[in-house]
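Hi,

Here is the structure I said I'd pass on. Have a look at it first, and then read on for my notes on what turned up.

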Amino acid sequence: MIPLAEAQQVVIDHCAPLPTVTLPLVEALGHVTAGAVAAAEAVPAFDNTAMDGYAVRSADTAAAPVTLDVVDTLAAGAVPAVSVGAGQAIRIMTGAPIPPGADAVIMVERTRALDGGGRVVAEVSVPAGNHVRNAGEDLEVGKVVFEPGEVLQPAHLGVLAGLGIHAVDVVRRPRVGVMSTGDELVDGSQPLSLGQVRDSNRYSLLSLVRQAGLEGVDLGMVRDDPDTIRATIGRGVDTCDAVLTSGGVSMGDYDCVKVVLDEMGDMSWMQVAIKPAKPFAFGMVRETPVFGLPGNTVSSMVSFELLARPALRRMMGHTQLHRPLVRATASAPLRRRPDGKIHFARVVWGYREGRYEVRSAGGQGSHQLSSLAAANGLAVLPDGHGAAEGDAVELIRLHEG
Ligand code: AMP
Ligand code: MG
C-alpha cells in the first residue's frame, strides 16, 4: 500500500493548470485569475456624499444652529452648476458630487427646512470631510486589485464591473469526462434482473465534478467490452481535459478497463492506504490525465474527494488544493480496527459552544451510500482503534448541510 499523501502528489504533479482564457464577467464566477488586475481609474471616481442632506462649508456650521440659504439641489448623477458660498448650502442626495466650495455634508436628519426649502437650519456643527466619500477611497489609480490565483467571488466581479472591466483573464475551466464501467450496470428505472446493479456513480461523480466548479461531461455507461471501453476513453481524452472512470480497478480484478487503460496509457495501479477507496489508478492517456476510481459507490466518491479533487483544483488554477482540516470532538465513539490504513468515517458534524462535534452518519460499508448522503463530513481516523467519546479527531467538512 502507498500512503495517501504520496498518491495525491503523483496525481497533482501530472495535473498542470490549464491555459488562460478571457471570459465575460457573467461567466467568470468561481474561476481563478490568470494575471494581476490593476485599477485604471479611481473608485469612487469623484468626491461624493455618503448621505442625503446639505453640502455646506464646515466653518459656517461652527456656531450651529445656523440658518443657510439653499442655492441648488443635486441628485445622484447631477453635475454641480453652482458653488457653495459663505452662508449657503446645496441640497444633496447620496452619491451626488460634492459641489465646489463645500467641504462637508450635514445629514438631513440634523437639519430643518425653512421657507419651503429656500433656507435650512443646520442644527449641529460638522467637521470638514463630514460624510464625504473621497475619490479613490475604495481603489486608487494603479492599485493592484487582484493578484494572479485569486478565486473570483461575487464581490470580485462587482469590483471589476465597478472599474469598467468586463472581460477577465482566468484559467480555463477543465472539462471532466465521467464514465461508468461494468457489465452488471443498468441506467433507468426498469425492474432489475438478478445480478444487475443500477449505475449511481455517474450521477454522483458528475455532481462532484460540477460542485468542484468544473464542467462535467457525461461519457455514458460502458459494458466490459474492450472495443467500447477503448472508444469511450479515446473520445473522453480527445474532448476533455481529464477523464474519470469508475469500476474495474480492484485488486485481482483483471477486467477490460485495466487491460485497455494499460494499452492506451502509462498507468499506475495503486493500493492507497485508506478506507474506503483503496484501489485507485492514475495515468496519462494521450497527455490527458485519467483517474481510475473504484466501483463501489462510496469508494468512488471518497476517491474523488481525496485523489481527484485536489489535482483538478490545480488544473483550475487553485493554489489551495486540499480542504482545510478542523479539529472536532467525537460526541459518540467512532470505532475501527487497526489495518495499516487511514479510515475516513462518514460523519455528521455540527458547531456547538465553540467546537465542532462529530457522530457517525451510519453504516460505513463502501457500498452504503445512504450514510454518505446523511453525512456532511469525513472524520479522519488514523490507524488504530478509532476515537472514543470525547476524543479529538480531524474533520473534513464536505458541506454545511
Ligand atoms: P468494481 O470496482 O468494478 O469491481 O466494482 C465494485 C463494486 O461496485 C461492484 O459491486 C459493482 O457492481 C459496483 N459498481 C461498479 N460501478 C458502479 C456504478 N457505476 N454504480 C453503482 N455501483 C457500481
Ligand atoms: Mg466492474
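The largest pocket lies between domain 1 (4-17 + 173-316) and domain 4 (325-397), because both of them give residues to its lining. Before you go further, please keep in mind that this is a predicted model.

That pocket has a volume of about 720 Å³. Its lining counts 44 residues, and the ones nearest the centre are Asn296, Ser299, Gly365, Ser366 and His367. Two or more lining residues come from each of β13, β15 (197-198), β19, α6, β23 (334-335) and β24 (342-352). The top contributor is β24, which gives four residues. By class, the lining of the largest pocket splits into 12 nonpolar, 20 polar and 12 charged residues.

The second largest pocket holds about 290 Å³ of space. Look for Leu208, Gln211, Met301, Leu372 and Leu398, which lie nearest its centre among the 15 lining residues. Helices α3, α6 and α7 (369-374) each give two or more residues to the lining of this second pocket, with the largest share, four residues, coming from α3. Here the classes come out as nine nonpolar, four polar and two charged. Domain 1 (4-17 + 173-316) and domain 4 (325-397) turn up again, each supplying at least three residues to the lining of the second largest pocket.

How many cavities of 30 Å³ or more does a search of the whole structure find? The answer is one, and the space in the largest cavity is about 30 Å³. Its lining is made of Gly30, His31, Val32, Val171, Arg172, Arg173, Pro174, Gly213 and Met316. Four of these lining residues are nonpolar, three polar and two charged. The largest cavity lies between domain 1 (4-17 + 173-316) and domain 2 (21-40 + 144-171), since both give residues to its lining.

Now the packing. In soluble globular proteins, nonpolar side chains tend to be buried together. The largest nonpolar core in this model has 43 residues, and Leu244, Phe280, Phe291, Phe304 and Leu312 are the ones that touch the most other members. The elements giving two or more residues to this core are α1 (4-14), β13 (175-181), α3 (201-211), β17 (242-246), β20 (279-285), β21 (288-293), α6 (297-315) and β26 (377-381). Of these, α6 gives the most, with 10 residues. This core also draws at least three residues from each of domain 1 (4-17 + 173-316) and domain 4 (325-397).

Leaving aside neighbours within four places in sequence, Phe280 is in contact with Val11, Val249, Ser268, Trp269, Met270, Val272, Phe291, Gly292, Leu293, Ser303 and Leu307.

Last, some backbone details. Most residues other than glycine have a negative phi, and most peptide bonds are trans.

- Val43 and Pro44 are joined by a cis peptide bond, with omega about -10°. Pro44 sits in the loop between β2 (37-38) and β3 (48-49).
- The bond from Ala64 to Pro65 is cis, with omega near 0°. You'll find Pro65 in the loop between β4 (53-56) and β5 (66-74).
- Ala277 has a positive phi, near 85°, and is in the loop between β19 (274-275) and β20.
- Glu287 has a positive phi, near 70°, and lies in the loop between β20 and β21.

Which of the two, Ala277 or Glu287, is buried and which is exposed? Ala277 counts as buried because its relative accessibility is 2%, and the cut-off for buried is under 20%. Glu287 has a relative accessible area of 73%, so it is exposed, the cut-off for that being over 50%.

That's what I have for now. Let me know what you make of it.

Cheers

Key
Residues are numbered from 1 along each chain as its sequence is written. Chains are lettered from A and ligands numbered from 1 in the order in which they are written. This is a predicted model: local features need pLDDT of at least 70, side-chain atom pairs count only at pLDDT 80 or more; totals for chains, interfaces and linings use all residues. Side-chain values use heavy atoms; hydrogens and water are left out. A nonpolar core is a set of buried Ala, Val, Leu, Ile, Met, Phe, Trp, Tyr and Cys residues joined through side-chain atoms within 4.5 Å. Buried means under 20% relative accessible area, exposed over 50%, partly exposed in between (1.4 Å probe, protein chains only). Domain bounds come from an automatic or database domain assignment. Contact means heavy atoms within 4.5 Å. On a 1 Å grid over the protein atoms alone, a cavity is a set of points where a 1.4 Å probe fits but cannot get out, and a pocket is an open set with protein on both sides within 12 Å along at least five of seven lines; lining residues have an atom within 4 Å of a point. Grid points are joined across faces, edges and corners, and a volume is the space filled by probe spheres set on the points. Ala, Val, Leu, Ile, Met, Phe, Trp, Tyr, Cys and Pro count as nonpolar, Asp, Glu, Lys and Arg as charged, and the others, Gly among them, as polar.
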